[in-house]
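Q: Please take a close look at a single part of the structure shown here. I would like to understand how that part is placed and how the rest of the chain provides its setting.

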Amino acid sequence: MNRTLVIIGHGMVGHRLVEEVRERDPEQHWRIVVLGEEPSPAYDRVGLSAYMTETTAEELVLTGQEVHQDERVRLCTGVGAERVDPQSSTVLTTAGESLHYDALVLATGSRPFVPPVEGADLPGCHVYRTLDDLDGIRSASESGAEGVVVGGGLLGLEAADALRKLGMRPHVVELAPRLMPVQVDEGGGAVLGRLVGDLGLEVHTGAAVDSVHKGDHGGVSAVSLTDGTVIDTELLVFSAGIRPRDDLAESAGLERGQRGGFLVDNGCRTGQPGIWAIGECAAVEGRCHGLVAPGYQMASAVADQLTGRGETEFGGADDATKLKLVGVDVASFGDAHGRSDGALEVTYANNAAGTYAKLVLDDDATTLLGGVLVGDAETYNTLRPLVGRPLPAAPEQLLFPDAGGGGGTTGALPDDATVCSCHNVSKADIAGVISTGQAEDVAGIKSCTKAGTGCGSCVPMLKGLLDEAGVVTSNALCEHFPQSRSELFEIVRATGITSFSELISRYGTGRGCDICKPAVASILAGLSDSHILDDEQATLQDTNDRFLANMQRNGTYSVVPRVPAGEITPDKLITLGQVATEFGLYTKITGGQRVDLFGARVEQLPEIWRRLVDAGFESGHAYGKALRTVKSCVGTDWCRYGVQDSVTMAIQLELRYRGLRAPHKIKAGVSGCARECAEARSKDFGVIATEKGWNLYVGGNGGFNPRHAGLLAADLDDEQLVVLLDRFLMFYVRTAERLQRTAGWIESFDDGLEHVRAVVVDDALGIAADLEEAMARHIADYTDEWAAVLEDPDKLSRFVSFVNAPEAPDPTIEFTEERGQIRPAPIDLPTPVVGASEFSSEEVSA
């Protein structure tokens, strides 16, 4: 019989409990009801600061369709709990509904602490906790103006960085004598203060807000500090800590911890039968934990208890943190302040380089107790799992592994060391999936163990474990070239080589194969203005590029003319219909907003294309590893919701990047508003209109492994959008590997999208001008491939089924009729191989 689990709170920890129970309850014994006060479902609060300038609310959402479509789960957004009655096992919601529960889990989280100072409730005062809070801050921000953040801890520095990215000049006010007093010591705080000061933040330590002044407009006009400083500002953000939300304790008869929070034991059980508490609101044996990793561990422990997997207990919090605040690496772990009896400290400070490192050891200097890293936290992933364990090397070798001979490698970790604290995954767990062949790369480890899918700080460690296990992925393009595709691209670009034979004679071996020949052909086509069927080039192409059309299962070909943004005149539509009728072709509207004509024999292709070119059509490159389509909604031309002219933008982009040869196909979309009718975020690059301009997303795709694109830059004008796309696409063309879509290419970088943003937006490598120039050359050199074929008798001579009988059609091609159109006659064919390098149509290769 089904039982009802009610979860009050749908933050990150509440949502994790939903996932854990669903995973452990395949027989579906539990029906889950979740109450979430915010209007949106659970989102990644750890990544909240990126919402200001880099991402959208939709990207932060944690709930997928698997939850929304699960009949066991009822998610109530915008609904909280009014009171809990343990006697009747009911919860009264703020919507007036009475819910019965068999088990109740309190995941109410926390609320921001606002110091009791005069004027703290004036307009212009904000807290930093929810999406709505950040929307309010963004609306109130003014570029060039001063803003004040109260609190110099983790959230305070994140808030200050958000103001900085909005163009403001932030002041940070911290009562303690240093920034991040909980995580770093005096030495680390001093280095951190200098680093953030260099980045434009003005820091006031050892001070607090004394009063908030009211201006003539009724809102904040200035802030007075206890040290006498007065700061003129109309924006004040309180980010000075949190307090557990334990309001329901009264009605439920629950005991609170000394500093607040629902008092629970190590199993997260309250004093009332059938009621648990997890996350920031839970005072485990009197102590609340403000990080997400302990909350996840609590959710896992309670899920085990609810699904009959034993009386699992919360094993204690790992309060280690590693993050990049205002562009500065900061990490702390274990006993960072050396409070243990007899603790010894090994410190290193390099003020010139802006780095600080400290290890805390036990009294005989043999066991690592904790540490602090500021400015350079590269060794954090190795050091954190060693806390409480004997040192595998001298302290200096742990801090400087490159200089000390490898003390910082993953080999120093014992098998039971926790690598991923978010999901409690040990080194042995990861080594196990590697040794059994279940995981051959980081993506495989993530899929098998969930390691690296939380905060992401352990990802470098996953790569180290792969190296330790001897898993080596060769970058060689094939057996004939020891270089990768990206390396060959740079060789061709630097040397000016124009033929495959010269490239393989100088840099490869043998005669080549069906892997390296098309890949090199694509590189040569992308770096010169030659036609892909010129001379030796023609022999390098795969079947599709050889005939500039997609080969179908019965040996015929499809014809796909370009229709930018799906906009087409009636005359052109009539031409397509006439051509299809005359040559007896099957017609289908594709997902890329154009018309696909199927069933053409190879010798018919030039005749068909002559008709199409004369009517103003050009090649749609559906056969090539190149830009395919830029899909569009109707935008402001027709739609009452449109905020930008998406059709014109899509046409401009498709005509700009047409013919761009790449490691894999490229698909794009432009949506005229946030309703996203063009499905732009499922494309290699997607553009979504905003009131201020365009948001640019990159790295999405459909197909066998769908991915959502990530936000690269926001609120761009037309010129900015084109410049960033020029850089992004050319950076991809130059550095991606063979058959690597943009999503996989982005994931291949250590910092993923952050690295791409640094190169493309911030020009971190200083190559932006070169990338823009390369794209300009491509645009200037573009010619329609089919139009060029029709003007060249030598190229036309290739389009025959039989060289010795060029007029004879292939007698093996047969058709039947269905729904008024032709289709290939049934023949026995081997089952297509998933992942094959050639696909029959746009629909298959989404």
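What follows concerns strand β11 (residues 169–174), with the whole chain and some other local features for context.

A: The model is predicted, so local features are described where pLDDT is at least 70, side-chain atom pairs count only at pLDDT 80 or more, and totals for chains, interfaces and linings use all residues. Residues are numbered from 1 along each chain as its sequence is written, and side-chain values use heavy atoms, with hydrogens and water left out.

Along its principal axes, the C-alpha trace spans about 95 × 65 × 65 Å. Of the 846 residues, 53% count as buried. Buried means under 20% relative accessible area, exposed means over 50%, and partly exposed lies in between, with a 1.4 Å probe and protein chains only.

Strand β11 itself has 6 residues, of which 5 are buried, so the strand is largely enclosed by the rest of the structure. Strand β10 (residues 146–150) runs parallel to β11 and is joined to it by 5 bridges; two strands pair if DSSP finds at least two bridges between them. Within this pairing, V148 stands opposite H171 of β11.

The loop between β11 and α6 (186–198) holds M180. The phi of M180 is near 45°, a positive value in a residue other than glycine. In general, most residues other than glycine have a negative phi. M180 has 0% relative accessibility and therefore counts as buried.

Q593 lies in the loop between β30 (586–589) and β31 (595–600), and its phi is near 65°. The relative accessibility of Q593 is 23%, so this residue counts as partly exposed. Strands β30 and β31 pair in the antiparallel sense over 4 bridges, and K588 has D596 in β31 as its bridge partner. The hairpin formed by β30 and β31 has 5 residues between the strands.

In helix α14 (residues 459–468), the buried residues are V459, M461, L462, G464, L465 and L466. These buried residues pack against α9 (380–383), β26 (418–420), α12 (427–435) and α13 (442–449), where contact means heavy atoms within 4.5 Å. G470 follows α14 and has a positive phi near 80°.

D247 is found between β17 (242–244) and α7 (249–252), and with a relative accessible area of 46% it is partly exposed. Leaving aside residues up to four places away in sequence, D247 touches R111 and R256.

To return to the strand in question, β11 is largely enclosed by the rest of the structure, and β10 runs parallel to it.

Key. Helices (H or I, at least four residues) and strands (E, at least two) are DSSP runs, numbered from the N terminus.
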